[in-house]
Amino acid sequence: MLAPVSWLKDYVDINVTPEELAARLVAIGFEVEGIEYQAKKASLVKTCRIVSVEKHPAADRLRVAQVDIGGSTIQVVTNVPVEGGELTAVALDGAKLADGTVIKKGALRGVTSEGMLCGAEEIGFSAADIEGQTEGDILRFPEGTPLGIDAAVALGLDDVVLDVSVTANRPDCNSIYKLAKEIAVALGTECREPEIGYETAGADVREAVSVEVKNPALCPRYMAACVRDVKIFPSPVRMRRRLRAVGIRPINNIVDITNYVLIEIGQPMHAFDLRYLSGGKIVVRNAEEGEHIVTLDGKDNTMNSSMLAICDAEKPVAVAGIMGGEFSGIQPDTSTIIFESAKFARDSVRRTSRALNLRSDSSARFEKGIDLASQEYGLRRALTLVYETGSGVIGEGVIDVSAAQAKVRDIEFTTAKIGRILGCTVPKKKLIDILFKLGIPVEEKGGKLVAHVPDARSDIEGVNDIAEEFIRVYGYSHVKPTLFAHSGLTRGGVPEDIAFRNRVKEELAALGLNECITYSFTSPTFAEKLRIPADSPLRNWVELVNPLGEALSVMRTVLTHSMLEVLAYNAAHFNRSAALFEIAKTYHPKSLPLTELPEEREKLVIGMYGADADYFALKGVLEGLFAALHVKAGYSRSALPFLHPGRGADITVNGKMIGCLGEIHPDVAEEYGADVRLYAAELDLDALAPECGGTVQFAEFSKYPPVERDLAVVVAEDIPAGELVKAVESAGAAHLSCAEVFDVYRGAQVGEGMKSVAMNFAFASVERTLTDDEIAAEMALILAALETAFGAKIRA
Amino acid sequence: MKAQIDSIKQAALAAIEAASSTQELSEVRVRYLGKSGEMTSLMKGLGALSKEERPEAGKILNIARTEIESALESKFAQAEEREKQARLAAEAVDVTLPGKRPARGTLHPITQVREDIVRVFLGMGFEVAEGPEIESDLYNFQLLNVPKDHPARDMQDTFYVNDSYVLRTHTSPMQARMMTTRKPPIRVVIPGRVYRSDDDASHSPIFHQIEGLAVDKYITMGDLEGCLTAFAQQMFSKDTEIRLRPSYFPFTEPSVEVDVTCAICGGKGCRVCKGTGWVEILGAGIVNPAVLDMCGIDSKEYSGFAFGLGLERIAMIKYGIPNIKLFYENDVRFLRQFNGEVER
């Protein structure tokens, strides 16, 4: 909240700089987000008198003025039609205006000008906000204003305004008075009470109006008072200045008084024109379903039966705690008003305000919560201001319909318990003293302490709150760091799934990939872009009710989409190549609408493009990863529609499908705006993890030179090379240590529809050098296996 | 015979002297000492001499041959050394040309910071846990002392799935999940993605937090301060100090904001700390007894502390990253920097 220091000073003596005050507030738990010096929005703009004016020799529209700035006279060239004798403001050489402009001495059409005459805007204010000033005109000061002083100071605009952030547990401090109380504690001084004092005359308020509260749960207290013979006029300068300083536009004395009390005491008030309270009745009741009210802002609201309305004998005249109806406000001819000072339940105000999309300063306060004492305080303060400003005749009495009594809560505690929470020694006298100053008297009862907590401090519920009240004033510097001074050792650690993920990340980084992180929500169009079939479970997604936009509205069920976006982004941003990965969750609802937590699966996506990227580069990364994880993967041609029809593979591990890889279908890549070939793989890590072996087991290797043999066989074109290797490995060649494909040849020599696959085998024994006969026998086994399985023939 | 030997020897020594390469020296060797070399021919001619002459001539011949061999050997060694030097000189490379190296990948700075922080807490006996990102209102709010329609809900802009489910706004719901399923002592850190419907220059709708929770029979604010001091000193520098400021969170009481001395200026005041010398890094506090009780832990017997910090903020401070948006653009020129490489 905005707190002008001058206003705070009504209640507490402040003898420190605003910066020091801010530091003290921070230390007791109120962050100060800004300090505004009203008079420092501009510099070197001084009051002056125009002594004489001459025409500019070279320009008809300019005048040359001699300006008295208090003790000396300067010459100013201006286009303002000054006559001489005016008391105004001038920006001197070197002055900085509110918009940042620096004024320099110079010549205008050959005549020296040592400054510039200024209006309200130049010093950072709007003329409309300052008494006696006209928009577009230079500032005008009354006779008797000293010359050469700061213009803002001369206008009384020299307040310092603190922007204090009040935490949600301290709604009471959203008021000048309560904030002043906290400041008094922080500064070690006393706080004064707001002045209450007025005379009443004429009939009792009960003769003007009756109040009935039908739902005391939503309106625990409703107070009303009556003011007759109301005179409507602009409120006093000081009141208007203060309201403007906190961002409220002054309207008239009555409205200003309600706003002033709202800011000063924290009690929202409303003033009804009695003429529009039909039947002289105020009925606080739930609205009827579908009941309408047009509010002050001109909005037609349809209420429902859970909303609280302030009604007269016939109709709603206000949405309780939020806004008055269009006719309930103060008119120029208003003669009798009824002040409302009530407490409405904060959650009811909150719900209604959100449902109707209707907000006001009042509703903001009610939502934060107000205590039961401030209705009376606020009402009497408002009447005092009516009395002081001569705004009308205050009727006898007040109406007070109260369902709840302000309760003092007792909290029993010991200094030892406080010390156990804070981990520091707690001097009893200091503790009692601090709490007392905070308005919480403490009593000693048989070795125990009892704090009497007033209703206004609804945030204080137990000993921990007492500890906080104490330490925030006593100072956290009294708490000394310890490392589990009173606890035993615990065994920390990383669970297997997290350790597995970390390992995958490290392996992928070691394989040259950069990790990226993308948003978990995306556009529902991803399914179309990736050509996900209409009946696919991947189209069951969790949708947000209040997304930042359609493009960020559904929780993703695949990661490839985000990866393709990132690849396209990089390609479009001058990056010739990229090799990236991301490990993140995908979200799969078990039922829709959501009635239980969805399944969140951990997925890995890899993406690449650039000169070195192709299907085999991508597959190489996966092979590297699988090798590191000690798993063997199988690859078979994939039918996934977002992959290139000839360059995509499904990946299985131990017969379980765990993902896919391949070149992205060129049409899909184009959808993503990429003009390069894209490659991507997506794996289900939750499915992969259980397949990954444990610790490596050492295998003996041969000390003897291995024997190598090459073999080229001719097989049908559609037989994958990987299948040949598999057959070789299971052919029963006991000493085969390695089998690799090193060449595939197609051509006239091998015939139409056929290909020659050349393989290299290594044989070794851990016991001895193998003989030629032994190897020939094993080669025969291999060839036989290939012949049987694929009709392979040795290439001629 | 002697004269002939002398003459050939002189010729051989002259040829050796004249030769400048190992190649030429090899040729000299063949010419004089080879199978059909001149000295070898003389040796073969010995047989034609008389029995009396033969020993004397043989002796002279052997001495001459040894002389030639020794001259050859020493000249050969010199030539070989010279040629090696020349070859090495010719092989010189421009050592300032770039090296060949395999591409090196990087972990995202958020991951690096996350692991740095986790490591600190593992050392203090904390375990690591994670929780669901789509969370129930019960765990995200209610069990953390934020009932429906409570003003504290305004502290966080929430993405809703429906009335009962939200995208978690913080990692704190895992506090409740740990406390409802485990018995103290509990010491756990919970990293993860969190969501708030806030998207402007300094906010990202997705960001990362690490939650910390310790519950035991006698946990104090001093323990919290000690733990966070250890963390800050390992994370930033051993001279780092921390400062606790009173604040408010519904699920801790007392609550504090924790500032660290600015890592950039060391506390003297700079642009990063806005001249204050302190940088706010996290919120923390003593677990609100109401939360302990709601989660089934007897607040009369147990107490705890909790803290939550934003990883982006720590990474921005640590690496001097000026804008939170950079984390999620995933431009490789950004990502590649985090193994120490800077592209210019």
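Among contacts in chain B between residues at least 6 apart in sequence, what percentage join residues at least 24 apart? The share is 66%, where a contact means C-beta atoms, placed from the backbone, within 7 Å.

Before the views, a short note: this is a predicted model, in which local features need pLDDT of at least 70, side-chain atom pairs count only at pLDDT 80 or more, and totals for chains, interfaces and linings use all residues. Residues are numbered from 1 along each chain as its sequence is written, while chains are lettered from A and ligands numbered from 1 in the order in which they are written.

**View 1. Chain B as a whole.** Here you can follow 12 helices and 9 strands, which are DSSP runs (helices H or I, at least four residues; strands E, at least two) numbered from the N terminus. The C-alpha trace of chain B spans about 130 × 45 × 40 Å along its principal axes.

**View 2. Helices α2 and α4 of chain B.** Helix α2 (residues 22-33) of chain B packs against helix α4 (residues 53-90) of chain B at an angle of about 165 degrees, with the axes 9 Å apart; axes are lines fitted to C-alpha atoms over the stretch in contact, and angles run from 0 to 180 degrees between N-to-C directions. That makes α2(B) roughly antiparallel to α4(B) (an angle over 145 degrees). Look for the contact residues, including Leu25(B) and Tyr32(B) of α2(B) and Leu72(B) and Phe76(B) of α4(B).

**View 3. Where chain B meets chain A.** Chain B gives 68 residues to the contact and chain A gives 80 residues. On the chain B side, helix α8 (residues 221-235) supplies the largest share, 8 residues.

Note on methods: Parallel < 35°, antiparallel > 145°, perpendicular 65-115°, else oblique. Contact = placed C-beta atoms within 7 Å.
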